[in-house]
Amino acid sequence: MKVIKEKHPLVMRWTHWINFPILTIMIWSGLLIYWANDVYKITIFGHTFVRFFPNWFYNWLSIPHRLSEGMAFHFLFMWFFTLNGIFYVLYTIISGEWRELVPTRHSFKEAWLVVLHDLHIRKTAPPQNKYNAAQRIAYTAIIVMGAGSVFTGLAIYKPVQFYWAAWLCGGYHLARILHFALTIGYLFFFVIHVVQVVLAGWNNFRSVVSGFEVVEKPGSANKSILNENPPAPTI
Amino acid sequence: MISKKIKRRNFLSFATFLGLGATATAGWEMLYHAPEETPGITAGARKPLRKALNKTELFFRKFFGNDHHVKSYPKSMAAKEVRTNGDIGIDDTGFNPANWKLEIVKSGEEVLKIGIDEIKALPKTEIVYSFKCVEGWDQIQYWSGLKFADLISHYGLQSLAQKEYVGMETPNGEYYVGLDRESALHPQTILAYEMNAKPVPLENGAPLRLIIPVKYGIKNLKRIGKISFSDRRPRDYWAEQGYDYYSGL
């Protein structure tokens, strides 16, 4: 018999969905800025494998010659990105949700087993609570990365007034490289995240909008009355 | 019935989700298609974004410190080929540095004219630092010249320098920058007449160019012609092209 199982508190859902368009705008406006000095590439033994980014990419997204525009959007939305991130972190701490999210000392070994299971190499997955070990690592790492983007961003934005931030980042050059690398990291995260969401199916995706999943609980018709009033959702 | 509850909560949450999504999309469209600001001292940016830039400037100006210095490097690290990024304001043929004098506008009528030798006779300040272009590149460069603060004190311009802003422009008036007072008076701001210990070349802003390390390169005017003081923001070339007026590092 179907039962409502509360999964994602309201704040988690809000901060998740607010972050999506804001981060998209940050990355887009960041590209408008990056284009003005688009020097990064992956070169191994003298051969350039990846150029960030080829001209067709810039033209496809109408990126060239929009530096001032990019900065204007970037320096507005950076406030919302940062505040949303801080609010999310504070919430996970205050609500205790961090216990579900932060990796345990077994997580790194377990995450490998999760990956093998996801690739259908292993039949069983390690036990989990709300999130599996790979998710714990991913969802914690992404927050560290977000903080990293804010910090390296500050170092690039005000390297003189926030000289200590620039110094901690290893200098202006390295801060810019790290800021860029983190952004590429978000793109990888996004691809894997979306694939996993699709594979996890409707019941799971719905839960990050509605807050609950529907689970099958074994039981007879008599017991259904007891379950008519599930516990109030935790916010 | 449980399935009724599920359906209801699904409906409510997704309706809210889609509704908020539509609102956010509409809001974004409004911002993206917002009208351009009325051209004035600043121009070229959407009105709400210019407002945001100005507000952000006010916030970050609080962190300015005269004791916040840019990092210095040894002269050996200074670039031999100093990058130039444009010739706006200095592309007129027939400019003769020998005829040039620095003009300081003291008032509507009084203009102080100073020759390069007079400036060179004053205390020289050197700086080897990483010049940062707003485009995102930087280069370690070696400049020497007269500290702007020293110019003020030597010529007794302290009361003028109390005004909120300093404006500088090229002799032909085609490139111009506006500087807030504290940035202009920052100890590392110099009027440079030497690059790599030799007279500044024409393409780098001869005979005298501004080197202001607490600002992006766009504020580092080449070939200073005129300096003025005002409580209102002087015109600024790149601020008219949509860039942040303050452009401080």
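**Note on a predicted two-chain model**

1. A:S62 sits in the loop that links helix 2 to helix 3 (67-95) of chain A. The model is a predicted one. The phi angle of A:S62 is near 50 degrees, which is a positive value in a residue other than glycine. Is A:S62 buried or exposed? A:S62 counts as exposed, because 9 other C-beta atoms are found within 10 Å, and the cut-off for an exposed residue is 12 or fewer.

2. Chain B has a residue with a positive phi too: B:S247, a residue other than glycine, has phi near 40 degrees. B:S247 is placed in the segment after strand 10 (226-230) of chain B. B:S247 counts as buried because 24 C-beta neighbours fall inside 10 Å, where a buried residue needs 20 or more.

3. Chain A as a whole can be described next. Its secondary structure comprises ten helices and four strands. Read from the N terminus on, the order of elements is β-α-β-β-α-α-α-α-α-α-α-α-β-α. The C-alpha trace of chain A spans about 70 × 40 × 35 Å along its principal axes. Chain A has 235 residues, and 24% of them count as buried. Of the contacts in chain A between residues at least 6 apart in sequence, 65% join residues at least 24 apart.

4. Within chain A, helix 1 (residues 10-34) packs with helix 8 (residues 172-200). Their axes are 11 Å apart and the angle is about 135 degrees. Helix 1 of chain A is therefore oblique to helix 8 of chain A. The crossing of helix 1 of chain A with helix 8 of chain A is left-handed. Which residues make the contact? Helix 1 of chain A contributes A:L23, A:I27, A:G30 and A:Y34, while helix 8 of chain A contributes A:F180, A:T183 and A:Y186. Sorted by class, this contact of helix 1 with helix 8 of chain A has five nonpolar and two polar residues, and no charged ones.

5. Two peptide bonds deserve a look when the backbone is inspected. In chain A, a cis peptide bond joins A:F52 and A:F53, with omega about -5 degrees. A:F53 belongs to the loop between strand 3 (47-51) and helix 2 (55-60) of chain A. In chain B, B:A206 and B:P207 are joined by a cis peptide bond, with omega about 0 degrees. B:P207 belongs to the loop between strand 8 (198-199) and strand 9 (209-211) of chain B.

6. Chain B is divided into domain 1 (1-33) and domain 2 (36-82 + 101-241). How far apart do the C-alpha centres of domain 1 and domain 2 of chain B lie? The separation of these two centres is 51 Å.

7. One loop residue of chain B, B:L157, is placed between helix 4 (148-154) and strand 5 (165-169). B:L157 counts as partly exposed because 16 C-beta neighbours lie inside 10 Å. From B:L157 to B:P199 there are 42 residues in sequence, and the distance in space is 26 Å, C-alpha to C-alpha.

8. The contact between the chains draws 33 residues from chain B and 26 residues from chain A. On the side of chain B that touches chain A, helix 1 (2-32) and helix 2 (47-61) of chain B each supply at least two residues. Which helix of chain B gives the most to this side? Helix 1 of chain B does, with ten residues. By class, the side of chain B that touches chain A consists of 17 nonpolar, eleven polar and five charged residues.

9. A helix pair spans the two chains: helix 9 (residues 202-210) of chain A packs with helix 1 of chain B at an angle of about 65 degrees, the axes being 9 Å apart. Helix 9 of chain A is therefore roughly perpendicular to helix 1 of chain B. This crossing of helix 9 of chain A and helix 1 of chain B is left-handed. From helix 9 of chain A the contact takes A:R206, A:V209 and A:S210; from helix 1 of chain B it takes B:R9, B:N10, B:S13, B:F14 and B:F17. The residues of this contact of helix 9 of chain A with helix 1 of chain B are three nonpolar, three polar and two charged.

Methods
Residues are numbered from 1 along each chain as its sequence is written. Chains are lettered from A and ligands numbered from 1 in the order in which they are written. This is a predicted model: local features need pLDDT of at least 70, side-chain atom pairs count only at pLDDT 80 or more; totals for chains, interfaces and linings use all residues. Axes are lines fitted to C-alpha atoms, for helices over the stretch in contact, and angles run from 0 to 180 degrees between N-to-C directions. Angles under 35 degrees count as roughly parallel, over 145 as roughly antiparallel, 65 to 115 as roughly perpendicular and the rest as oblique. A crossing is left-handed if the near helix is turned anticlockwise from the far one by less than a right angle, and right-handed if clockwise. Two residues are in contact if their C-beta atoms, placed from the backbone, lie within 7 Å. Ala, Val, Leu, Ile, Met, Phe, Trp, Tyr, Cys and Pro count as nonpolar, Asp, Glu, Lys and Arg as charged, and the others, Gly among them, as polar. Domain bounds come from an automatic or database domain assignment.
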